[in-house]
Amino acid sequence: MAKLAVIAIGGNSLIRDNTRQTVEDQYAAVCETARHIAGMIEQGYEVIITHGNGPQVGFILRRSEIANEVAGMHFVPLVACGADTQGAIGYQIQQAMDNEFKKRGLDKSAITLVTQVVVDGNDPAFKKPTKPIGSFYTREQAEKIQQEHPDWIMVSDAGRGYRRVVASPLPLEIVEKEVIHKLALGGYCMIAVGGGGIPVIRREDGTFAGVDAVIDKDFAAGLLAAAVKADELIISTGVPKVYLSYGQPDEKALDRVTLAELKEYVRENHFAPGSMLPKIQAVIRFLENGGRKAIITNPESLEAAVAGKAGTHVIL
Ligand SMILES: Nc1ncnc2c1ncn2[C@@H]1O[C@H](COP(=O)(O)OP(=O)(O)O)[C@@H](O)[C@H]1O
Ligand SMILES: NC(=O)OP(=O)(O)O
C-alpha cells in the first residue's frame, strides 16, 4: 500500500536568487521541486503538497499599497493577498506536477484546493506580529522604510536581513481536511493549505470570516499531517539537513534523532526562531499527535531522503 506523505515546500526555497524574483524564476524552482516529488511518487508515495507564501504574500500586499499610493486604487486586504497566493503558487505546482506525470507516463493528476484554516480571533499573536513577509532589506534600507512607514513592524529575520512582520495566529483546524484526505486517498496529488491556509475565525453561528494574518505553513502542515494521519511529514527547505550549532565552526548535521532528543536540542536553542524553529516545532507537534516519522531536507534530496539516504529523520 502506498505511504501517505504531507510535503511542505518553503516559500523562500521557491526563490533561489533574492536579486531575481520573477514569476518565471519561481516556476523554474517549482518545476525542480516537482521533479523530485514525482520521483517520490514513483517510489510508492501518495502526496499532499503544501507550500509557504511568506515572500509572495508580502510582494502582493506591497503592490496593492503602491497601487493605492500611486493610483488611488483600493487596498487588497492581507487575507485576500494570502488567498491570491494559494491560487498563483498552487497553479504553478499543479501544472508542474501534471507535466511530470505526463513525462513519466503516470496516470495521475494534481488538484489545488483553496483551503481555510480556523484561528482564534483572540490569539495574542494579533497583538504581537512575528511572521516575516515580502522582501529582505539591509539595515539601512529598513531604517529608511521605518521612517516612511511608521506603522510597519520590521525585524531581523534569522540573520538574513530585515523584513516586515504580520500577525501569525496558531492554526487550530483545517476546514477542508476531509475532502483533502478523501481526494488524496483517491490517488489525486493534492496541493492544499497553501501559505498555511487562509486564516478564518468561526463565528458563534458556525459561519466563517477571513482575518488579516499569515499562518505559519510549517505549523499548518503539521496539523494537516496529523489530521489526515499521514505516515510521514516531510519539510522541504533550503538546507539538506538540520544542524546543531548551525553556522558555527562546530556545526554538526543531524541524520537521525528521536523526538526526545529533538526536544532537548530545542531547549538548548539550536534552532533559529522564524526559520528552523517553527519547522522543528511542527515536527514535534506532528509526532506528539499520532505521527511516527518526519524528515527535513532540501528539494534535491527528497528522493534520497525517503529512501533513508539523506536528510534529517525524526522518529519517536
Ligand atoms: N539549526 C539549523 N539547521 C539548519 N538550518 C537552519 C538552522 N537554523 C536556521 N536555519 C536556517 O533556516 C532556513 C530555513 O528556514 P526558511 O528559509 O525560513 O524556511 P522556508 O524554506 O520554509 O521558507 C535554512 O535554509 C537555514 O538557513
Ligand atoms: N506562510 C508561511 O509560513 O510561509 P513561508 O514558509 O514562506 O514563510
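Two strands pair if DSSP finds at least two bridges between them. With that in hand, Gln116 stands opposite Ile198 in strand 10. The model is predicted.

- Strands of a sheet pair through backbone hydrogen bonds, either parallel or antiparallel.
- Four strands form an open sheet here, in the order 8-4-10-11. The pairing in this sheet is mixed.
- Strand 8 (173-174) and strand 11 (208-210) are the edge strands. Each of them pairs on one side only.
- Strand 4 covers residues 116-118, and strand 10 covers residues 198-202. Three bridges join strand 4 and strand 10, and the sense is parallel.
- Helix 3 (residues 78-104) lies across strand 10 and strand 11. The angle between helix 3 and strand 10 is about 125°.

**Helix 1 and helix 3**

- Two packed helices are described by the angle between their axes and the distance between the axes.
- Helix 1 spans residues 23-42. Its axis and that of helix 3 come within 8 Å and cross at roughly 50°.
- Helix 1 and helix 3 are therefore oblique to each other.
- Their crossing is right-handed.
- On the helix 1 side, the contact includes Gln26, Tyr27, Val30 and Cys31. On the helix 3 side, Gln92, Ile93, Ala96 and Met97 are among the residues met.
- By class, this contact of helix 1 with helix 3 has 10 nonpolar, two polar and four charged residues.

**Helix 6 and helix 8**

- Helix 6 holds residues 217-227, and helix 8 holds residues 276-288. They pack at an angle of about 15°, and their axes are 8 Å apart.
- That angle makes helix 6 roughly parallel to helix 8.
- Helix 6 passes helix 8 in a right-handed crossing.
- Helix 6 brings Asp218, Phe219, Ala221, Gly222, Ala225 and Ala226 to the contact. Helix 8 brings Pro278, Lys279, Ala282, Val283, Arg285 and Phe286.
- The contact of helix 6 with helix 8 divides into eight nonpolar, one polar and three charged residues.

**The ligand sites**

- Ligand 1 is surrounded by 17 residues. The closest are Gly10, Asn12, Gly238, Tyr246 and Ser275.
- The shell around ligand 1 has eight nonpolar and nine polar residues, with no charged ones.
- Around ligand 2 stand Gly10, Gly11, Asn12, Gly52, Asn53, Gly54, Gly195, Gly196, Val214, Asp216 and Lys217.
- The shell around ligand 2 divides into one nonpolar, eight polar and two charged residues.

Key. Residues are numbered from 1 along each chain as its sequence is written. Chains are lettered from A and ligands numbered from 1 in the order in which they are written. This is a predicted model: local features need pLDDT of at least 70, side-chain atom pairs count only at pLDDT 80 or more; totals for chains, interfaces and linings use all residues. A residue is near a molecule or strand if its C-beta atom, placed from the backbone, lies within 6 Å of it. Ala, Val, Leu, Ile, Met, Phe, Trp, Tyr, Cys and Pro count as nonpolar, Asp, Glu, Lys and Arg as charged, and the others, Gly among them, as polar. Axes are lines fitted to C-alpha atoms, for helices over the stretch in contact, and angles run from 0 to 180 degrees between N-to-C directions. Helices (H or I, at least four residues) and strands (E, at least two) are DSSP runs, numbered from the N terminus. Angles under 35 degrees count as roughly parallel, over 145 as roughly antiparallel, 65 to 115 as roughly perpendicular and the rest as oblique. A crossing is left-handed if the near helix is turned anticlockwise from the far one by less than a right angle, and right-handed if clockwise. Two residues are in contact if their C-beta atoms, placed from the backbone, lie within 7 Å.
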